[in-house]
Amino acid sequence: CNVIEVSNLSKRYRGGTAVDDLSFTVEPGRVTGFLGPNGAGKSTTIRLILGLDRPTSGHATVNGRPYASLARPLHEVGALLEAGDLHPTRTAREHLRWLARSNGIGERRIGEVLEETGMAGAAGKRAKTFSLGMKQRLGVAAALLGDPGVLILDEPVNGLDPEGVVWIRNLMKRLAAEGRTVLVSSHLMAEMALTAQHLVVIGRGRLLVDEPMEKFLASH
Ligand code: ADP
Ligand code: ADP
């Protein structure tokens, strides 16, 4: 349960190949770091896992089923995508309400995730006034809204202040320790070493490393 499975996944564009025959499994109970330089194919892989793009070949499943993007309830998978689109004139709380309403999630839970992400004080402020770090925090709040078993965060550290970086790191570790599945992408090895217990590295869309962090650090 709560397993992400990527099997021979490929995505080709007219200009080239973003994801090239990628296979790996993301297990619950630990943070899995998804590392690679910019352009390696991390965001494309995450979009394929979430069913936001169609693979050219192969497949990705969450809990054994392909992810049909909007059919999944928020308690199954929560995701923070890069450059998540915010409605500039809506407040933080209104964004969360918009997501909550179709999922039977109430005001109490909205209050909880605002607290948890340090956004309670900014709940009534419009998104256009937010720094990148605050946008990331709101994106994390949205991902947490359904108390999901699987959490997928694409470059969550981008734009966060140092305090925010430590906060998100500890949050991911705690959620994994609770038995959830956490997949987090980054182009920074040092960040992954401090966050993840398991490491998946890709380059040019291909799998380079898939092993426990301790093993990777001992051999490199
Ligand atoms: P990462 O998230 O690791 O930075 P991406 O998944 O964003 O990498 O990109 C992987 C490769 O796929 C890059 O070369 C990028 O230019 C290309 N790519 C991504 N999306 C598209 C698209 N919609 N059309 C064409 N090429 C794309
Ligand atoms: P407007 O008030 O600008 O007309 P709508 O409420 O009609 O906006 O929303 C238009 C579309 O924008 C929606 O169907 C939805 O896809 C998207 N959208 C609106 N608000 C949000 C939000 N808070 N989070 C994510 N998507 C949103």
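Predicted model: local features only at pLDDT ≥ 70, side-chain atom pairs only at ≥ 80, totals over all residues.
User: Where is the place of Glu211, and which residues is Glu211 in contact with once its neighbours within four places in sequence are left aside?

Analyst: Glu211 has its place in strand S10, and, leaving aside neighbours within four places in sequence, Glu211 is in contact with His198, Leu199, Phe216, Ser219 and His220.

User: Before we turn to the sheets, how many helices and strands does the protein have, and why can the protein be called as compact as a globular protein of its length?

Analyst: The protein has 7 helices and 10 strands. Its radius of gyration is 17 Å, which is close to the 17 Å that the globule rule gives for 220 residues, so the protein is as compact as a globular protein of that length. Taken along the principal axes, the C-alpha atoms fill a box of roughly 45 × 35 × 35 Å. Of the contacts with a separation of 6 or more, 67% are accounted for by residues 24 or more positions apart.

User: How should I read a sheet, and what order do the strands have in the open sheet of 4 strands?

Analyst: The general idea is that strands of a sheet pair through backbone hydrogen bonds, either parallel or antiparallel. In this structure, the open sheet of 4 strands has the order S2-S1-S4-S5, and its pairing is antiparallel. Its edge strands are S2 and strand S5 (65–66), each of which pairs on one side only. Helix H1 (residues 42–49) packs on this sheet, where it touches strand S1 (4–13), S2 and S4, and the direction of H1 makes about 120° with that of S1.

User: How many bridges hold the pairings in this sheet, taking S1 with S2, S1 with S4 and S4 with S5?

Analyst: S1 and S2 pair in the antiparallel sense over 7 bridges, with Val26 in S2 as the bridge partner of Ile4, and a hairpin joins S1 to S2 through 2 residues. S1 is also joined to S4 by 5 bridges, again in an antiparallel run, and here Glu5 stands opposite Thr61 in S4. Strand S4 (residues 57–62) is joined to S5 by 2 bridges, the two strands running antiparallel, and the bridge partner of Thr61 in S5 is Pro66.

User: What is the pairing in the open sheet of 6 strands, and which strands stand at the edges?

Analyst: The open sheet of 6 strands has the order S6-S7-S8-S3-S9-S10, with mixed pairing. Strand S6 (77–80) and strand S10 (206–212) stand at the edges, each with a single partner strand, so one side of each is left without a neighbour in the sheet. On average, and with direction ignored, neighbouring strands of this sheet are turned by 15° against each other. S6 runs parallel to strand S7 (residues 150–154), to which 4 bridges join it, and Gly78 stands opposite Leu151 in S7. Helix H4 (residues 132–144) lies across S6 and S7, running at about 170° to S6.

User: How is an aromatic pair described, and how many does a search of the whole structure find?

Analyst: A pair of aromatic rings is described by the distance of the centres and the angle of the planes. The search finds 1 aromatic pair, formed by Phe24 and Phe34, which is tilted, with 5.4 Å centre to centre and 40° between the planes. Phe24 lies in strand S2 (residues 16–26) and Phe34 in strand S3 (residues 30–35), so the pair ties together parts that are 10 residues apart in sequence. Both Phe24 and Phe34 are buried. A separate ring feature is found at Trp167, where Arg137 lies over the face of the ring at 4.7 Å from its centre.

User: Finally, where is Gly205 found, and which residues does Gly205 touch beyond four places away in sequence?

Analyst: Gly205 is found in the loop between strand S9 (198–203) and S10, and at 0% relative accessibility Gly205 counts as buried. Not counting residues up to four places away in sequence, Gly205 touches Ala18, Val19, Asp20, Leu22 and Ala40. Gly205 and Leu22 are 183 residues apart along the chain, while their C-alpha atoms are separated by 7.3 Å.

How values were computed. Residues numbered from 1 in each chain as written. Chains lettered and ligands numbered in written order. Heavy atoms only, no water. Phe/Tyr/Trp six-rings, centres within 6.5 Å; stacked < 30°, edge-to-face > 60°. Buried < 20%, exposed > 50% of the residue type's maximum accessible area, 1.4 Å probe, protein only. Lys NZ or Arg CZ within 6 Å of the ring centre and 35° of its normal. Pairing = 2+ DSSP bridges. Contact = heavy atoms within 4.5 Å. Axes fitted to C-alpha atoms, helices over the stretch in contact; angles between N-to-C directions. Rg over C-alpha atoms; globule rule 2.2 N^0.38 Å.
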